[in-house]
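Work through the exercises below with the sequence and the model open. Each task is followed by a solution in steps.

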Amino acid sequence: MKTTLEFCDHVLVVRLHGDLDHHLAQHVREQIDSAAATGSIRKIVFDFRQVSFMDSSGLGVLMGRHRLMEAVGGSVALFGVTPRMDKLLTMSGVKTIIAVYETQEQALEKGAAQ
Amino acid sequence: MNEMKLQFTSQSQNEGFARVTVAAFVSRIDMTIEQMTDIKTAVSEAVTNAIVHGYEDYPGYITIECCIVGTVVEIVVSDSGKGIADIEQARQPLYSSRPEMERSGMGFTVMETFMDEVTVQSSPGLGTTVSMKKKL
């Protein structure tokens, strides 16, 4: 899995490419947490358009980053999920704590960094 | 009946190998992309459980047996790891015996949602066998 990080003011955009499973989740987690450790990030936006597969390990990454942002009064959003990933997000309850949008513009605009 | 058996070491890089191999085996049946994704996801969950909880990241072997009977796919994932002391607790949504690893605790729930039938047999100290069925 390739991960690209982009910073825009207090927003960190995480672009994921490939399979998000247990094997690759740790790498993704470390990259994001290292970037967020600067202390200025208040919102993390995940770009899932190039994610080909996700299992519950991916849910763990999202829930962990939600806790990270919640601790500093921030938020997490994501966009570009497939219907099957959406099903995972719904049945796990992740959608009740993390906003899921169709487009990057919506994810960046709505629920702006607090 | 068509069947296959696959055995590999409990390394996390084998999670992708396992789900892609099972997907390739069952792909001879007509199914939708969504059904294929369901099977891959369930296999990934069972194999990850074996690596993370069965062997707790120590080396061991994981075996997958898969058979196709008509339009029913049956997949059995087994390990010889530490086993599960309380299966009912382990199957509860959001429960994880290793919360420090930031596990979502949704592995069994995902398997139950994406497959038609999931049964778990386990003996502490001897290992765990997860059997799953999906009718296509």
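Contact means heavy atoms within 4.5 Å. The model is predicted, so local features need pLDDT of at least 70 and side-chain atom pairs pLDDT 80 or more, while totals for chains, interfaces and linings use all residues. Residues are numbered from 1 along each chain as its sequence is written, chains are lettered from A and ligands numbered from 1 in the order in which they are written, and side-chain values use heavy atoms, with hydrogens and water left out.

**Exercise 1. Describe the contact between chain A and chain B.**

Step 1. Count the residues: chain A contributes 22 and chain B contributes 26.

Step 2. Take the buried area, which is the accessible area (1.4 Å probe) that two parts lose on being put together, summed over both. For chain A and chain B this is about 1,900 Å², with 56% from carbon and sulfur atoms.

Step 3. Search for salt bridges (a side-chain nitrogen of Lys or Arg within 4 Å of a carboxyl oxygen of Asp or Glu). There are 3 between chain A and chain B. One joins the side chains of D21(A) and R19(B), at 3.0 Å from N to O.

Step 4. At least two residues each come from α1 (22–36), β3 (43–54), α2 (56–70) and α3 (83–91) of chain A. The largest share, 9 residues, belongs to α2(A).

**Exercise 2. Locate the salt bridge of R15(A) and explain what it ties together.**

Step 1. The whole structure has 11 salt bridges over all chains.

Step 2. In one of them, the side chain of R15(A) meets that of D47(A) at 2.8 Å, N to O.

Step 3. R15(A) is in strand β2 (residues 11–20) of chain A and D47(A) in strand β3 of chain A, so the pair ties together parts 32 residues apart in sequence.

**Exercise 3. Which elements line the second largest pocket?**

Step 1. On a 1 Å grid over the protein atoms alone, a pocket is an open set of points where a 1.4 Å probe fits, with protein on both sides within 12 Å along at least five of seven lines; lining residues have an atom within 4 Å of a point.

Step 2. Of the 15 lining residues, S52(A), T82(A), R84(A), M85(A) and T37(B) are the closest to the centre of the second largest pocket.

Step 3. Two or more lining residues come from each of β3 and α3 of chain A and α2 (33–54) of chain B. α2(B) gives the most, 5 residues.

Conventions: Helices (H or I, at least four residues) and strands (E, at least two) are DSSP runs, numbered from the N terminus.
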